[in-house]
Amino acid sequence: SSPLMIITQKITTLACQLHDGIGRQAEELTAEQNRLAVKTRPSLLEYLSYLLNFMSIIAGPCSNYKDYIAFIEGRHVHMKLLEVNWKQKGYDRLPDPSPTGAVMYKLCITLVSLILFLTLTKNFPMAYIIDTEFLDKTPFWSRLGYLYVVTQAAKPKYYFAWTLADAVNNAAGYGFSGVDERGTFHWDLLSNLNIWKIETATSFKMYIENWNIQTAAWLKRVCYDRAPWYPTALTFVLSALWHGIYPGYYFTFLTGILITLAARAIRNNYRHHFLSSVPLKAAYDVVTWAVTQLAVCYTVAPFVMLAVEPTIKFYRSMYFHMHILSILVLLLLPTRPEAHYRRKPQKEAMQNSVKSK
């Protein structure tokens, strides 16, 4: 199903960007939509090349049409280099960045991920958390700890596939994202995850933003930024539909809506109280890291188990605690309302901003 999922992303990405470029006025677009808008219909060859190119047909990642065409036409790296004033840095001509270092680094990550997958996943199967004997003999807190372990053991296969896909694109010369302030070349335009930020995430939002990055960007561009109301809920529902028909996907993403909204409410109401001193901020980070990691484990377990019966059995063993806590938070804490109206055109928003000033 992976090639079909990637093709779905590409078709809808191009459709939205063509709509922005041909069917809407520039004043109606956000800055990002304006930058990515496609103003000329692609030829059949360009369209099929974008959809079916060998670099991303199996495992992605999905990229923007304009970036892909710039790569095919040989402008991809050059365009990024022109964003930097090289004369100020002492260069008399544009440098020629090589992807070799990035590719070798990512291949090392894939090797480590493959070894971890072949060893950890067999020793810590997700199915064990709903084993009747395990549930009868193991106290709640131990089960919660084991849930974290088995979720960690399930991650390396995703790390392997996405990092390898990224390396394949880089090896072909695609994926250059620019130069930082220190003059370091970066090849992460198509990167699908940031392992360090995933494992150290202190909020549900931070975790999601660094896991399957290109899919999160796709969901934002085709759904979240365009939804007239309840963008968070609609984006999670779209993600569930995109993944397929297994019930576990819907348990995961519907639970994700609750936890995302609850985490946002807690952060907005309490985080500022912990920024006054370093020890308070450190304590806040430790607590939010632990809660975030356990909340993610609780949310994604059905995604791995897929079926209804094991999912219900799992949530019963966990006493539905995250669902209950999230609902209580949303009922008791003031929440910032989401946009229930269609976003104002960019030009109108700018005029209103000028008037207010």
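The protein chain holds 18 helices and 2 strands, where helices (H or I, at least four residues) and strands (E, at least two) are DSSP runs numbered from the N terminus. This is a predicted model, in which local features need pLDDT of at least 70, side-chain atom pairs count only at pLDDT 80 or more, and totals for chains, interfaces and linings use all residues. Residues are numbered from 1 along each chain as its sequence is written, and side-chain values use heavy atoms, with hydrogens and water left out.

The C-alpha trace of the protein chain spans about 70 × 55 × 45 Å along its principal axes.

UniProt, in an unreviewed entry, lists residues 102-120, 249-266, 286-308 and 314-333 under "transmembrane region"; such annotations may be inferred rather than shown by experiment. Two of these spans are set out below.

Helix 15 (residues 278-305) packs against helix 16 (residues 308-317) at an angle of about 155 degrees, with the axes 9 Å apart. Helix 15 is therefore roughly antiparallel to helix 16 (angles over 145 degrees count as such). Axes are lines fitted to C-alpha atoms, for helices over the stretch in contact, and angles run from 0 to 180 degrees between N-to-C directions.

Helix 15 contributes Tyr298, Thr299, Ala301, Pro302 and Met305 to the contact, and helix 16 contributes Pro310, Thr311, Phe314 and Tyr315; contact means heavy atoms within 4.5 Å.

Conventions: Parallel < 35°, antiparallel > 145°, perpendicular 65-115°, else oblique.
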